[in-house]
Amino acid sequence: MSETENKTENGSMESAGECTAGDTKDDKGLGLGVIFFIVAFVVCFLSGTLLFPKLLYSKKEQPFNFDHALHVSEAGDCESCHSLREDGSFLGIPKLATCLDCHAEDPMGETEDEAVFVEEYVSKEKEIPWYVYSRQPDCVFFSHAAHTEANGMDCVTCHGHIGESTSLKPYEENKITGYSRDIWGKNIFGIKKHSWDRMKMDDCAACHKKETGHKGYCFQCHK
Amino acid sequence: MKQENNKAHKFGMVIDLDKCTGCGSCMVSCMSENNVPFKEDESNKKDSITWMRVYKLTNGKSFPDTEIVYLPRPCQHCGGKGDHGHSPCISVCPATATDYGYDTGIVSQIYTRCFGCRYCMGACPYHARYFNWWDPKWPEGMEKYLSPNVSPRMRGVVEKCSFCYHRYQAARDTAYYEGRDDIEEHEYQTACTTACPAGAIVFGDLNNPFHKVHQIVKPDPHPDTRNKHVIGKSRNPKVFRLLERLGTNPKIYYLSEREWVRKQGDNYLDGEWDEIKNHHGSSSHG
Amino acid sequence: MDSALIPKGAKRCSFPKFTIGIAIVSAVLLWGVYAMFLCWFKGLNQTNMNDYYGFALWIWADLAVIAVGGGAFFTGLLRYILKVDELKNIINFAVIIGFICYSSALLILAIDIGQPLRGWFIFWHANVHSMLTEVAFCLSAYFAVLTIEFIPNILENRQVNKVPFFHHLAHNMHGVMAVFAATGAFLSFFHQGSLGGVAGVLFGRPFAVREGLLIWPWTFFLFTWSAAAFGPCFTLLITKITEVITGKKLVKDNVVYLLAKISGWMIITYITAKIIDTIYWAMVTAPSLGFTLSHFYTDNSFYGYWILVTEIIICGVVPGLILIMKSTRENPTLRIIAFVLGTIGICLNRWVMVLQIMAVPVMSFDTWALYIPSWQEVATTILPVAYGIILIAIAYRYLPVFPQEKELNR
Amino acid sequence: MKVDRRSFLGLGLGAVAGIAVSPVGLKLTDDSSIWTQNWPWTPVPVDGEVTYESSVCSLCPGSCGISVRKIDDRPVKIEGLADYPVNDGGVCLHGIAGLQYLYDPARIKSPLKKNGDKFEEISWDDAIAIVADKLADIRKKGSPEKLACIADKEQGSVSGLFKRLLKTFGSPNFYTMPSLESYLEVTAAAMHGEGKTIAFDLENSDFILSFGAGIIEGWGSPVNCFKANASRKERHAKLYQIEPRLSNTAANADKWIPIKPGTQADLALGLCAVILKNNLFDSNATANFKGGFHKLAAILQKNYALSKTAEITGVKAVDIEKLAILFAKAKMPVAVFGHGRGDGAQSLKELAAVHTLNCLVGNINKKGGTFVLPKNEYLEFPDESMDSIADAGFAKSKTGRYVNQLIEKVNASSQPAIEALFVYNTNPCYSLHDPKSVKQAFGKIPFVVSFSSFLDETAKEADIILPSHTFLERLEDVPSCAGLAKSVVGLTKPVIEPVFNTKNPGDAVILIAKALEGSIAQSFEWEIYDECLENITSGIWDSLSEDGHVVISDGPGESTAVNVSFLADNPVTIQAQGDYELTLIPIDNMRLINAGTTASPFAIKTVSDRVLKGSDIVIEMNPLTAKGLKDKGFAILTTPMGNARVMINLNEGMMPGVIGMVEGLGHTLNTKNMSNKYVSNKGVNINDLIGPVIESGSGLDAAFGIKAKISKA
């Protein structure tokens, strides 16, 4: 494209001559350029920071609400439901059978969620398709026993204060990777304030480095 | 964390070639344990993924003096020159997709880190590394038998024997749960070892004098007098390693009564074998 | 519009003729692009590579284009650092050839890896022990340098240069080019070397492994030296081909003689080192691992001793001698023969250092492995050639690549 | 406001800078790589609780105990069951790959009815009704004996139910396919009397003289044999292997004695002659000989002098003499018969000749020798109720003595010799010699019912298929056979809900019986098979269901008489059919299965490229035999039965003049709708190239091979 054509498209024939001419005009042009630069920068930066996450993540509602605080007060502690099996493997989100240790066929309490639980899952003997905020990719091997049993860590360090919550937050799924937003962390820049704000490999490695002096060998956490 | 301060293990294997029948159980056990895929035609052995491969060796003599022997070859889990953990493959991987577990002596391979440059395959003289040229595909429904303990691979990455590391992890989890510091010999055995119907494979900690593998191999902890790169040469005259002279320091040892079999474990110049064959890991400074 | 872009005073073929030529080459290019997309979307099963030949045609092509692209850094080094001023008349072209070679190399690498979207792991999760890491860093950095070196030439386009900003930019960039040339030479030293190191560090492969200095095996130095030696050969060869195609003399003979002479001496010194290396490897290194030379060169249908003789004597010693002797150097036919042999020699060296390594069995009960590339591999390997031709054609047509062109074609 | 080029430049640069500083690039780069790490088309196995279930593998007669590892209730791995009396933790590759059979693409997913050359799915009710109607018709016509059944084995409750159905229906035509166990019974019947079988105490013997028995090639109970072989080193026991090819067993043996194909019987008799001549036999043992011991001795001295035996067998005279002495003087010698896996064609002459060696040295019912045991009978069926039709029909004689004769009779007669045929757990259209004639016979039988789990060669010939559960989906008693020193009954248990609409074959039989009504239905009063099994194994059920197995007898029985009349009649040695120069013999390869079942995709994957290359089968021959044929080149192999394109493997371990072709390839588990391309259309079925040769006197198909020629392709 030639220079002339270029300017024609810019829609200002008059400015064509001026543009290449004097210094003052140049300055003015540059000034405008700076303004455009700043505007474009701000718009793009903000959309990259605010709009982009909206596009990247899709919100999904859990099957029904679960009151962790209530269950903790009734059942005792996290391990009452999220326990280790006898072979040392971690049970994860308990199956329906575990719920039924306490819950009966009839609803306990009046809440709508309890009704959904009983009607949709208990009576149909269907497992509840929870979305798991902390689900790691398939390549990850995470030993709960190594952390909680052998080294006495608590659940909060990684999972935060979910046990004190009365409702489940919406699950945000990364449309590209299929994983929960909690892995990368709520902050789109990946900045974290608490140890439980992010669950990326670097976070594991940083803690290992701090606690053991070595970030660990690949196979310690990969399968 | 206390468990990381435990004395380092050095897991290894000794395979009795006189017992090996070449039946292939180890290969299938490995494939089944580790979610190894299969494809319509697997007869091109140069693109067929078998972490454990059984080679057929012959003494090269003509009828009726011919002899054959089968040699199972998993990943050799090399310690590299001087056994410092710089195995041929680890040292070349540009993205740290394979590393040396100094606590176990096991060479890892992380499929999700690997970006498929295949340099490690070129570096491995044992051809123990395999590339996923295809996406793994299972016939409809068959993916239900896949094990969650080993992540299925995607196309475009390298895979290899892991010494069934997930079994080590599982054993350690149980130990943690039971409040034990370490695991017993029988708690961690690879899938090929447990499957071998002839009992030809013995697996365990080469550093642990109570383990059977140590007792058979009797590894010499000192550098070989003939080659300073070689550590852990067997003091058992019937035991050898593959390509020991390269200084790769594999953790797979082989046992055979037959001299011609032992000779095929490495390359020798004319006349060299007769000189070397009686040279074993020395016990004098052991 | 076409004529407005052609450098002032330069004669070029008619636009339709140019278009037809470009179209023909573009067809080849598209074939390669098609194959490239096949590889990306279907995976590397499109190739005939296998677990024995994890490195094959592509890596060879990669090493070869980088080696012949070595003309850029070495000529740059001579021109800007050692102030061999005559070489300013060929430096632009050397840079363009280098740019083509290095961009091709990066493209081939992007096709060659099994997971292109994870390619950046090589930088992010770098393993400092790996020669390939060194290659990736230096290669990318040097490609950036080459781009910077190429930019002033582009800015000298008649129309672009009218913009004062670009005019000044080009001018100023020329001024600081020595810095970039120095950086380029330094980076090149390392990546050419680390490409050699790629083979030399394979201590599991007695055919490849070499002893060396500190962490660098001898192949490290041999690769750098050979790229510096044969790179200018290739630059001069392409210059000659361009001259033949355009029917014009583009570079003065004294410039060619000078670069050819330098190349000749580099070749002779390199090949001497290579012969010493080969003898030491054959007599000491390999036997210490239980191998004789015959193990590597017999018992198979392809890799005979001929390949060793061809690489070292016919395509090494011979072109070297031709180029160092004034009489033969200044004989146009012999000189071209030397350029051709030299280019073949360096490519053959890279072939041997990639493919023969894979072919030679190491375990005593293993067998030789031979390999024939698939059409997809061939197409993607020809792709950079087509791309190179197009870029040279466009650059020649629209940029003042050869400062002496006007003078020589008055 | 004036918008000029610089403004645009500013806009562009600003946008680029804004995006660059925002997390978009970093996040997308990271996420796109994570996407490649979790491609949606790569399966992600579900995690869960690990449990183990023990069961018994019934893929082959070996009957190993298995432990099935399940995660989240899905079986994910089969392993050997520790302390199981047969295999003690070991397991073979086919058992490990068992889960692949569960999801085999060639599995039959529901009852099928043939319509023209296609199968269509029908319901179980319809299928049973069709079968019952057809059978009722046959009965009405008054020829109930024209219902026949071919099963894999005699033992076990499911075979028992088939036999019972036939008997109450009025047919004696129950057949089993040849197997090591059937040959052991034939040998025992000929030499020790009916109702007995023979077992080999390989675990304790100090000198195993194997006449081609592929002890580590899948002979007998494979894993048990592997273990016995592996323990030889510790026990300082010897194994001498006699066969034309350096098999894995020969390679693993202390000595390989190459022998001309088909002359093992002659060598055995030659060895007997040496033992007799040198008075090396056990005179206590020979006191039990009857049926013409002296006659036999005379024949041996006359026909099997050293030099003559050497000439027939190709084994040097001195070696024969040495071997005889070594064998006779060993503490616990045992001579093993049933060359190959022992389930292919065998001649009674060979079986009896080798066993005579055992008898001569007096190792019968001694530790480390051979045991003559009563047949493994642990089932107690209630008495059948028989109506007059049943009585009349069952009293008639069988149409043929063995399956071969049945096929022959069917093919020979113009009227249907058999009106209806059941085929259970076996694949005669693949595994008998000359499968073409078997298929022809199947074509002449108006109504064929298959109980196969897979659409194999025989199932494809059926009119109705009543698909069975695989061994992982059903309850069944599994008696160990195959020459094991102990008689063990194991219990196969369902480890997973049936994957498809299949049934336990026992249930299918009960349903058919019930549909036939009358006295037949009365004989099948159980509601379901599981109830039947518990009922008929009542004597051992408690321990069977609790421990998963019962050891019925362990160790030697009492001394027994030896009848040598068959050999004393001086039977002729079987010759290979045809008059080409070379002899084609089958090769047994542990990684392939040569009985009815096809090897799994995993097993096929382990097969060497010197056995199978692409879809080409590779044959073995000595370079001396090759005459210009090149290694890895192609050739045409011709036998009197046909020809095949083959690839050449020049193998010094092959006796000159002999060609070896592996058994177990050339399966065609494919139709238009379903196929298991991982195992089908690979290589050649060697049975296509070999025809049956019937041994007079025994009636066995004794074709050890066939004459062949080979020419450039």
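Predicted model: local features only at pLDDT ≥ 70, side-chain atom pairs only at ≥ 80, totals over all residues.
**Sheet in chain D.** E1(D) runs antiparallel to strand E2 of chain D, residues 65-71, and I find seven bridges between them. The whole sheet is open, with three strands in the order E1-E2-E3 and antiparallel pairing. I then checked the edges: strand E1 (50-56) and strand E3 (74-80) of chain D each have a single partner strand, so each has one side without a neighbour in the sheet. On average, neighbouring strands here are turned by 30° against each other, direction ignored.

**Cores.** Next I looked up the nonpolar cores. The largest has 455 residues, and D:Phe162 and D:Leu271 have the most contacts inside it. I picked D:Leu271 and listed what it touches, leaving out residues up to four places away in sequence: D:Ile320, D:Leu323, D:Ala324, D:Phe327 and D:Leu357. Another core lies apart from the largest one; it has seven residues, including A:Phe37, A:Phe41, A:Cys44 and A:Phe45.

**Chain B against chain A.** How many residues of chain B are in contact with chain A? I get 22, and they meet 20 residues of chain A. Which helix gives the largest share of the chain B side? That is helix H3 of chain B (residues 165-177), with eight residues. Sorting the chain B side by class, I note nine nonpolar, nine polar and four charged residues.

Conventions: Residues numbered from 1 in each chain as written. Chains lettered and ligands numbered in written order. Pairing = 2+ DSSP bridges. Helix = DSSP H or I, 4+ residues; strand = E, 2+ residues; numbered from the N terminus. Axes fitted to C-alpha atoms, helices over the stretch in contact; angles between N-to-C directions. Core = buried A, V, L, I, M, F, W, Y, C linked by C-beta atoms within 7 Å. Buried ≥ 20, exposed ≤ 12 C-beta atoms within 10 Å, placed from the backbone. Contact = placed C-beta atoms within 7 Å. Nonpolar A, V, L, I, M, F, W, Y, C, P; charged D, E, K, R; others polar.
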